[in-house]
Amino acid sequence: MNSSSGDEATLNEVLEHCNDLRLAPIPDVGSLPERYTGTLGHFPVYFPEEIAHAAGLLPVSVLGGGNRLELKHADARMGSFVCSICRSTAELGLNGSLNGLTGFITHPICDAAKHLAGIWARNFPEQLSEILYLPQNVNSPGAVRYIAAEFQRLRGELEKRSGRGVDDDALRHSIRIYNQNRRLLRELYALRRDEPWKLSCTESYLLTRARTRMPCEDHSVLLERALAAARRRTLPSQDKPRVVLVGGFCEQPPIEMLEAIDSNCHVVDDDLLIGLRWITADVPEKGDPIWQLAESFVERSAASPVQHDERKTKEGYLMEMIGASKADAAVLTAAKFCEPGLDEQVAWAKHLDGTNIQYLVLEFEEKMTSFEQMAMQLETFAESLLFAVAA
Amino acid sequence: MTGKAVGAAANIADTAAAFDGRIEGQRLMRDWYKALEEAPARGQHVANVFVMGNAVEILRAFDFQLVFPEINSLQTGVRKTSEEYLRLSEDYGMSPDVCSYVKADVGLILKEHEHPAGRIPRAHIAIASNMCSTFIKWAEIWERLLKTPTFVLDLPGQRAGNWRVRPGDAQHAADARWVEAQFQDLIHRCEAITGKRFDLDRLAEVEDRVNKMVAHWNNVMALNRVCPAPYNAMLDGLTYIGIMNVYRGTPEGVAFMRNLEAQLKTKVARGEGRVAEERYRLLFSGTPCYVSMRRLVELFETWGGVFAYSDYLTFAAGGMDAGDLAYDTSRPLESLAEVTALAAQRGLSNQFFAHERLAQQIRDYAVDGIVFHGIKSCRFVSSGMADTRDYLNKRLKMPSLYIESDLIDPRYWSDAQIKNRVDAFFETLRQSGGAPPAGKSVPPATGRAA
Ligand code: SF4
């Protein structure tokens, strides 16, 4: 085997593992590495995983049920007008798939997500179930202090549940581990921006998503291997338009949809799983670790349609993504029945109408299983872009 | 009692009896729209606010003219013109699946602010709280289309089931500190916009009036615990709450609430109910359908069913009706933050942990059943409704009905279907030996004196 086919084999093996993890249930407590005493579920978008990590609870993102879950209970408990990720998350709770969680934390990103806490309180009173009230105002003085108080509260709750004290040193240790992971994720995205033919959006997504089912330190090892192999890939660059993909900040587009986009475009930046990449630089490893995490949420953070921040208009950050990744166009998606996503989709489209940047509007649902029409739309879009560039 | 005193008491009773909350409420609403139209000519600064978590007390202290875009939207429904506004915004690109209040407002912007009640002035600032997440997305639309500066007021809500926060405890203190920090920021922004210095005495004055209004409002709510209920929470109550919001902290608001309480007390003393023969006391959970509310209420009242309470009257007034919330006007700003933090949690918990408050209200208002009104485009009230219903059915064996329509979109009102469901609900209540004619005895009102 020459080294290039060896790299390809490594990458394939890692990606296959990641895909298995994507489809796997939450890890069984018995199968966890020794330092973990349980799992803590958290809903998108951002959650300070370091605090759970330091408490010996494996943070697992609860990302809905994808397109293989049959809803048997949730239909009767959540209206058909609620987004799929909320309904399938409720289903996973009600069908017992999340029984092993020590707790489930949701966020005030939207009203549907806040309701999940009520559903949990009514149906699973034995689990810790909470809304972590991250603020929608991060611009007033006092925001960091408030977030720090909220994180302290979470720290106390997790200490109680895990039976393990979380001292500052343990938190700093966890911050270091996550900083390393964040660096690697930034490298992953830089590779896609600079040499997109070496790593597709689907591949990058699978690699990132693996962190939702494994310890962060193990995920970093996995990322290092994958990155090294991808960098050495000798695939030829392809004649595809460079696009930015937005709208995957909460409910996740099906993998088949990402593959359809990859078949036609180079996705040079996206907001998929943005919560896992929310902190955009290293969290300072010195000083009060809770304060540093809180401050990072405000000062070193990404953007999404469900976080208000006067410094980052939604159009502004889309344009920054397009500019920084030298994209030719944008794919503007929204999850069906996701009110914030649908509002943003209109705003983005109207904004791009005033520029010479082309865009394609797509609506998705995590549970969708038919992609032919979407593939055709993408093909036509990509062709028109290439034609426009060539002309 | 002297002859003079007897005469005075009779006069008060006559005045109270002559007061009609709905007619007076409609007059005040017309006055408000007139004031809106004339605000630019007066050179008055204008603020857009929502009904929940809005810092109205601070804005009034700066003399802002208040615009309530939710009320503008619902008024398009009441005046049967909403469809035109909704279609305009859908043609613009808004999804059919988003809040119809937002869409009606986008339609209003596209119609150059021409509202059936008059021209709505453009705002100099908008306050959007996180109590309903759609408020924030809505305000971002104004930022974008009208360049309205927006202030998001973040009010930490109830974090979990059985969340017990008591005034002054550590959690409440932390939340109140955060709210106060935001108020300080808002005050600076208002000073910059209006060119006026903030006046704490003005704030205290407004708060004193809010205290009075809330005290009367609590008594008004408590009066409906009596059987027969003197008013229908989802018809008369909608006018009352409109005044609670639009005239909050004003002399007109205090007078309205005082007269309303007196009038309803007179009704109760005479044993007069909203319906001639109250047979079923009901609780309405959710938001109204303003295009067909009169019709919906009629479907229930023909069976002798009256809505004695609705959680809408609590959350749409921002959660101030819990009975023990009053501003300490000797420390107006701190107190505003403390009360706002608590009221927000009570207003929010009405929805996100609805089972807790509903279980209490079922007892307080001695209701025979709950009517859940799901709104497809309002995730704030509707997302957890089916699960709450299931919980209350199982735990409290409370009969319930679920119907679905929209806030103001007439395309979602299906008269025959809703009538069938309402009739079937009452048939079931009757067959299961529900409340006998002439109702039953319930605890007397226990309000606070204003
Ligand atoms: S997909 Fe949209 S509506 Fe659903 S939980 Fe996420 S942000 Fe909320």
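## Basis

This is a predicted model: local features need pLDDT of at least 70, side-chain atom pairs count only at pLDDT 80 or more, and totals for chains, interfaces and linings use all residues. Residues are numbered from 1 along each chain as its sequence is written, chains are lettered from A and ligands numbered from 1 in the order in which they are written, and side-chain values use heavy atoms, with hydrogens and water left out.

## Ligand site

## Sheet in chain B

Four strands form an open sheet in the order β2-β1-β5-β6 (chain B), with parallel pairing. Strands are DSSP runs (E, at least two residues) and helices are runs of H or I, at least four residues, numbered from the N terminus; two strands pair if DSSP finds at least two bridges between them. The edges are β2 (65-67) and β6 (150-153) of chain B; each has a single partner strand, so one side of each lacks a neighbour in the sheet. From one strand to the next, the twist averages 25°.

Strand β1 (residues 46-48) of chain B runs parallel to β5 (residues 125-129) of chain B, and two bridges join them. A47(B) has I125(B) as its bridge partner in β5(B).

## Helices on the sheet

Helix α7 (residues 133-146) of chain B packs on the sheet and touches β1, β5 and β6 of chain B (contact means heavy atoms within 4.5 Å). Its direction makes about 160° with that of β5(B). Helix α2 (residues 21-42) of chain B lies across β1 and β2 of chain B, at about 125° to β2(B). Axes are lines fitted to C-alpha atoms, for helices over the stretch in contact; angles run from 0 to 180 degrees between N-to-C directions.

## Backbone exceptions

Most residues other than glycine have a negative phi, and most peptide bonds are trans. P44(A) and V45(A) are joined by a cis peptide bond, with omega about 15°. V45(A) is in the loop between β1 (38-42) and α2 (49-54) of chain A.

The bond from C227(B) to P228(B) is also cis, with omega near 0°. P228(B) is in the loop between α9 (200-223) and α10 (236-246) of chain B. K80(B), a residue other than glycine, has a positive phi near 60°. Its place is the loop between α4 (69-78) and α5 (82-92) of chain B.
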